[in-house]
Amino acid sequence: MTPGKVVLVAASAALLWACSPAPSNRSDAEVVVAEVDGAPVVLKDVKNEILSMRGYTPSLEARGPSRGEVSEAVRRAIERTVVLREGRRRGVTLPAGALEEEVMRFRADFPPGGLEKALLQAGMEPDAWREQLRRSLLYRRSADAIAAAGATVTPQEVEAAFRKERNPATVPERIRVRQYLFDSAERAAVAREKLQAGRPVGGDAGDPSVEGVDLGFFRRDELPPELPAGVFDLPEGGVSEPVPGEGVTSLFQVTRREAARAQTLRSEEARIRESILAPRREAAFRRWLAQATAGAKVKVHAELLQKLVEEKR
C-alpha cells in the first residue's frame with residue numbers, strides 16, 4: 001500500500017464515523033484502530049499525533065479533530081510504525097541523556113511551568129508526552145540510519161562541486177559550539193567546572209550523563225543572538241558562564257576553533273560532501289518509506305475511529 005492509499009483509507013474511515021458503532025469502554029491504549037503487518041496502531045497513538053500536530057493545544061475535548069487531521073494522524077502513525085520497526089532491526093537506540101536534553105529544549109520555549117500547563121490544557125499526561133517524545137527521537141535516528149544507507153557521494157563529485165563554487169577569498173575564522181542544557185543554575189555551575197577541567201558532564205550518582213547538542217560552526221558574523229556575547233573569543237575547550245533561560249540554564253562550549261585560511265579542496269571537502277549528501281539522504285529516505293509502506297499489509301479499523309467524531313465545528 002502506498003502512502004497515498006493510506007491517506008485514502010484513513011479519509012474513508014472518517015466518512016464512516018457517523019454510521020459506525022461506538023467502541024467499548026476500553027482505554028485508548030487498548031483500542032487498535034489500524035494494523036501494520038500485524039503491529040497495532042492504537043487510538044492513543046492517533047490522538048497523540050493530532051495533539052502534536054496542533055502544538056498540544058487545544059485539547060480534543062475542546063475541539064474535536066477534523067477528517068483531515070485524522071487522515072494525517074493515521075498516516076503519520078502508520079509511517080512511524082514502519083520506520084521504528086526498521087530502526088529496531090538496525091539496532092538503533094537513543095544515547096544516554098538524549099531524552100532529557102530534548103525535554104529541556106522544549107521547556108526553553110515555555111515560561112516556568114508553561115509546558116506542563118500546555119499539556120494539561122491539551123489533555124495529555126506528561127508521561128505520555130515523554131514517551132511520544134522518546135519515540136520521535138528514535139524515529140529521527142532510525143530515519144537518519146535508513147537515509148545514510150541509501151545515499152553516497154564520490155570524491156569526483158566533491159571535487160567538481162569545489163571547482164564550481166571555489167572562491168579565492170580567505171575563509172574567515174570560525175568556531176564549533178556545543179550547547180548543554182540544565183534544569184537549574186546550580187547543576188550548570190557544577191557542569192561548567194567539569195567541562196573546564198576536561199571531565200565529562202554527569203556520570204555521578206543520581207546525575208545522568210549529558211552529551212549536549214552540537215550547534216555546528218559559526219563565523220563571528222554568523223553567531224545567533226541566543227549565544228552569549230564573547231563566546232567567539234573563548235579558547236578551544238572554553239565554556240561560557242551559565243546563561244539563564246525560560247526554565248533552563250545553558251552552557252556553550254567552543255569544541256573546535258579553525259583559523260582563517262585559504263580555501264582548498266581538503267579544507268572544504270567535509271562541508272561540500274555534506275551539502276551534496278543532505279538532499280540525497282532525504283530523497284533516499286522518501287523512496288525507502290514509499291517502498292516499505294507499499295510492501296506492508298495495512299488495515300484500518302474505520303469503525304473504531306468513532307471516538308474522534310467532531311460533533312461541533
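In what order do the three strands of the open sheet lie? I looked this up in a predicted model. The order is β2-β1-β9, with antiparallel pairing. From one strand to the next, the twist averages 20°.

Next I checked how β1 and β9 pair. I found three bridges between them, in the antiparallel sense. E35 has K299 in β9 as its bridge partner. I then turned to the helices on this sheet. α2 packs on the sheet and touches β1 and β2. The direction of α2 makes about 55° with that of β2. α3 lies across β1, β2 and β9. I read its angle to β1 as about 45°.

I went on to the largest nonpolar core, which has 29 residues. V36, V41, V46, V83, F285 and W288 touch the most other members. Elements giving two or more residues to this core are β1 (32–36), α2 (43–53), α3 (67–89), α6 (126–149), α9 (265–295) and β9 (298–300). α3 supplies the largest share, eight residues.

Beyond its neighbours within four places in sequence, W288 contacts V82, V83, E86 and I146.

Last entry: R192, in helix α8 (residues 185–196). Is R192 buried or exposed? R192 counts as buried because its relative accessible area is 17%, and the cut-off for buried is under 20%. Setting aside neighbours within four places in sequence, I list its contacts as V239, S240, E241, P242 and L251.

Definitions and conventions: Residues are numbered from 1 along each chain as its sequence is written. This is a predicted model: local features need pLDDT of at least 70, side-chain atom pairs count only at pLDDT 80 or more; totals for chains, interfaces and linings use all residues. Side-chain values use heavy atoms; hydrogens and water are left out. Helices (H or I, at least four residues) and strands (E, at least two) are DSSP runs, numbered from the N terminus. Buried means under 20% relative accessible area, exposed over 50%, partly exposed in between (1.4 Å probe, protein chains only). Contact means heavy atoms within 4.5 Å. A nonpolar core is a set of buried Ala, Val, Leu, Ile, Met, Phe, Trp, Tyr and Cys residues joined through side-chain atoms within 4.5 Å. Two strands pair if DSSP finds at least two bridges between them. Axes are lines fitted to C-alpha atoms, for helices over the stretch in contact, and angles run from 0 to 180 degrees between N-to-C directions.
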